Structure formats: structure tokens, C-alpha cells
Amino acid sequence: MAPIKTCALGVGLAGLIYHVPFILALPDLFTLHAVLERNPQSPGGKVKERFGVEIKIYRTIEDVVGDKEIELVIVGTPNDTHYALAKAALEAGKHVLVDKPVTETIAQAKELDAIAKSKGVVLYGYQNRRWDSDHIALKELLALPSSYDRYRPGIRASWKDGAGAVYDLGSHLLDQALKLFGRPAEITAFIQNIRGVTKPEVDDIFTIYLHYNIGSPFPNPFTVLLRSHILSAKALQLRYVVRGTKGVFTKYGLDTQEEQLKAMPTVSSIFAPGYGQEPLEIYGTVENIAPDNTTITKSIWPSEAPGQYVGLFKNLAGAIRDNEELEVKWAETTQVIEVIELAYKSSKEGRTLEVPVL
């Protein structure tokens, strides 16, 4: 299989941490042919500065789609540019990987899907958190609630703070919940800007309830609670709480891959021992109730399987070259955008909304 000639749009956090390292680390599957960098500050741009490789640098999307050698375009630019850039690449017959949130509206997501199908190309949503070590360990459990807390009293010098917490972190949480449990019957959301340091309409905290009816997928009704708070001053942030009939699973701390990717000296570190492996001190714990309904025993629930974002890229290459089934289907990423839109509407109107049955 010939390596897939790839162009990464954007060389910020997404491009340099989450996209380019994996393209470079898989030379049998991909070749980093070019990047879109509008204002490079050095002859080789940020990719050469970080990874020491020489590639083409394009400054406009027109130059990118005009390059007939490019087969795959990775969109890692600000959220409000995803739709237009992905559309241009798809219309040029390129395969496209789009970072989350894939679009700002469900209508845009559906339009991109239609274009991809008409062109016969792969359209893939970048939901890398499915390959987090803690999520892998949680797949067989009932996640209730799930959290992404941080402490950040000010704003970052980044476009991500301008997108809002629901579109940023909420995209991951909703994707995980919908993948685990399917489509809810109803949604209730509370979305706010608690810091007041940016535009009032740009949210920085949220609480979202997904309500499930009997038999979807469990015998009794249940609720999944997803939340994120920007002013959570804790050494280890709460990640998951799982409440079942015989015990409770509690997990603190986050997958280690992002920090490892920021610090790694070479892309080969992705395959080094210890990559993606959680330290013992942030393993989850399980508290079980004994048959006497009084005694509680506590044990460790290890995240034995390391996180492996590389799995997403291997699946993407297989889909492009060998027609493998997508592990992140576009319909699933479209559903995330639909539920985000419903969450904002629920919060604005102050009521629980029905989620339309597909």
C-alpha cells in the first residue's frame, strides 16, 4: 500500500500535537506532503522547527486543493473554518479528517456527508478521546456522571476559548456517551459563562443530562450526566463516576497522551514503552457492597490498556486504502453536533427537550 500523501491544515495545538506526529510516525501509511500555514515565521515553518522535516508550505486553501498529489486533508483550524475548508477539500476529491467539533451546525455536517458520498471519498471525524486509556477501561461500565474539569481563571491566547466549552470539551463527552449508550430520549442542559472574561455568549461551564428510557439500552431508565467546570481548583480532576447496583467506580485524572505528545523528543516515542500508560496513582477505584448490604470493600480498577490515538490513524488509512469500516462514523459525529444544538436550545429555553427519534 502506497503511503497516503497528506496535508495538515493548521499548525497550532491540533496540528502539532494531535495530527502531524502520527502522520510522521506512520511512514508506511502516510507521507506528510504539505501543511497550510498562512504566516510562517521561518523558511521551514513550525513543522520543521518542531520535527526537523522539510515539507511544502501552502498559504491558501486554493493552493492545497490545487495540488493533485494530495490525497488526504486534515482540518485542524478554528471551529468556524471547519465546514468551509472541509467542503473545499471534499469538492476537490480529497479524503478529509476533521477535528472536533466537525462543524458548527448539523446542516453543515449533513452537507459535507452528501459531498463525500458523491465524490466517493472518506470523511472522518477526529474523536481521538475514544482511544483514551480511561475510556477504554470504562467501555463495559455505566458512566454516570462524566466530567471534564479544569482551573483557568483567565482566557488562553487561543481560538478554542472563543468556541465555548460545549463545542470544545463537550464534543468529546457527548461522543463518548452516545457511543456507549446510544441516542437519549430527552436532554436537559445548563450552559453558562461563569468567568465573564470573554463574550457573554461564549460558555465556559456546562451540565448536560441525557435521559434514557426503559430498554435503551438497560432494563430500567437511567440518566447520563456530563459536565465541565472551568474553575475547579483540584490537583486531580474528577473524570468518571459510575454507579451500579453493586458498587461505585470512581476515576480521577486524565489520559496521559497529550502531555507526552507535547514533551516527546521524536515521533518514535509514540511507540516507546510507557506511552499512553496511566500511572498507578490515577487508576480508578471500585467500591462494592457485600451481600449483607452494609460492608463495603474497595479495590483498584486498573487502566491496563494504554491510550492509543494512533489507532484512529491506522483505521483512517485502512478505510482509505482497503475500504475498512470507520471506527468513527460520520453519522456519529453528526449526531454529536445535533445534540449540542439541542443542549444550547434546552439551556436557552430553560426546559427539557425531546431528542427526535431517528
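# Reading the labels on a predicted model

Q: Why is K56 called partly exposed?
A: In this predicted model, K56 has a relative accessibility of 36%. Buried would require under 20%, and exposed over 50%, so K56 falls in between and counts as partly exposed.

Q: Why is D67 called buried?
A: The relative accessible area of D67 is 8%. That is under the 20% limit, so D67 is buried.

Q: What makes the pair D67 and K56 a salt bridge?
A: The closest N and O atoms of D67 and K56 are 3.7 Å apart. The cut-off is 4 Å between a side-chain nitrogen of Lys or Arg and a carboxyl oxygen of Asp or Glu, so this pair qualifies. The bridge links distant parts of the chain, with D67 in the loop between α3 (61–66) and β4 (72–75) and K56 in strand β3 (residues 56–58). The two residues are 11 residues apart.

Q: How many salt bridges does the structure hold?
A: The structure holds 20 salt bridges.

Q: How do you know that R130 and E332 form a salt bridge?
A: Their closest N and O atoms are 2.9 Å apart, which is within 4 Å, so the pair counts as a salt bridge. This bridge also links distant parts of the chain: R130 lies in the loop between β6 (123–126) and α6 (133–138), while E332 is in helix α10 (residues 330–349), 202 residues apart.

Q: What makes the link between the side chains of R130 and E332 a polar contact as well?
A: The distance is 2.9 Å. A polar contact needs N or O atoms within 3.5 Å, so this value passes.

Q: Why is R130 called buried?
A: R130 has a relative accessible area of 6%, which is under 20%, so R130 is buried. E332 is buried too. Among the residues that R130 touches, leaving out those up to four places away in sequence, are H135, D175, Q176 and V328.

Q: Why do E349 and R351 both count as partly exposed?
A: E349 has a relative accessibility of 40%, and R351 has a relative accessible area of 42%. Both values lie between 20% and 50%, so both residues are partly exposed.

Q: How do you know that the side chains of E349 and R351 meet in a salt bridge?
A: The N to O distance is 2.6 Å, which is within 4 Å, so the pair is a salt bridge. Elsewhere, salt bridges that share partners join R129, D132, E258, E259 and K262 into one network.

Q: What makes β5 and β6 a strand pair?
A: Four bridges join strand β5 (residues 95–99) to β6, and the two run parallel. A pair needs at least two bridges, so β5 and β6 are paired. In this pairing, V96 stands opposite L123 in β6.

Q: In what order do the six strands form the open sheet?
A: The order is β3-β2-β1-β4-β5-β6, with parallel pairing.

Q: Why are β3 and β6 called edge strands?
A: Each pairs on one side only, so each is an edge strand. Neighbouring strands of this sheet are turned by 25° against each other on average, direction ignored.

Q: Which residues touch the most other members of the largest nonpolar core?
A: They are L9, V64, I187, I208 and L210, out of 52 residues. Helix α7 (residues 165–181) gives the most to this core, with eight residues. A second, separate core of 40 residues includes A25, M264, A317 and L326.

Key
Residues numbered from 1 in each chain as written. Predicted model: local features only at pLDDT ≥ 70, side-chain atom pairs only at ≥ 80, totals over all residues. Heavy atoms only, no water. Buried < 20%, exposed > 50% of the residue type's maximum accessible area, 1.4 Å probe, protein only. Polar contact = N/O pair within 3.5 Å; in protein donor to acceptor, adjacent residues only side chain to side chain. Contact = heavy atoms within 4.5 Å. Axes fitted to C-alpha atoms, helices over the stretch in contact; angles between N-to-C directions. Core = buried A, V, L, I, M, F, W, Y, C linked by side-chain atoms within 4.5 Å.
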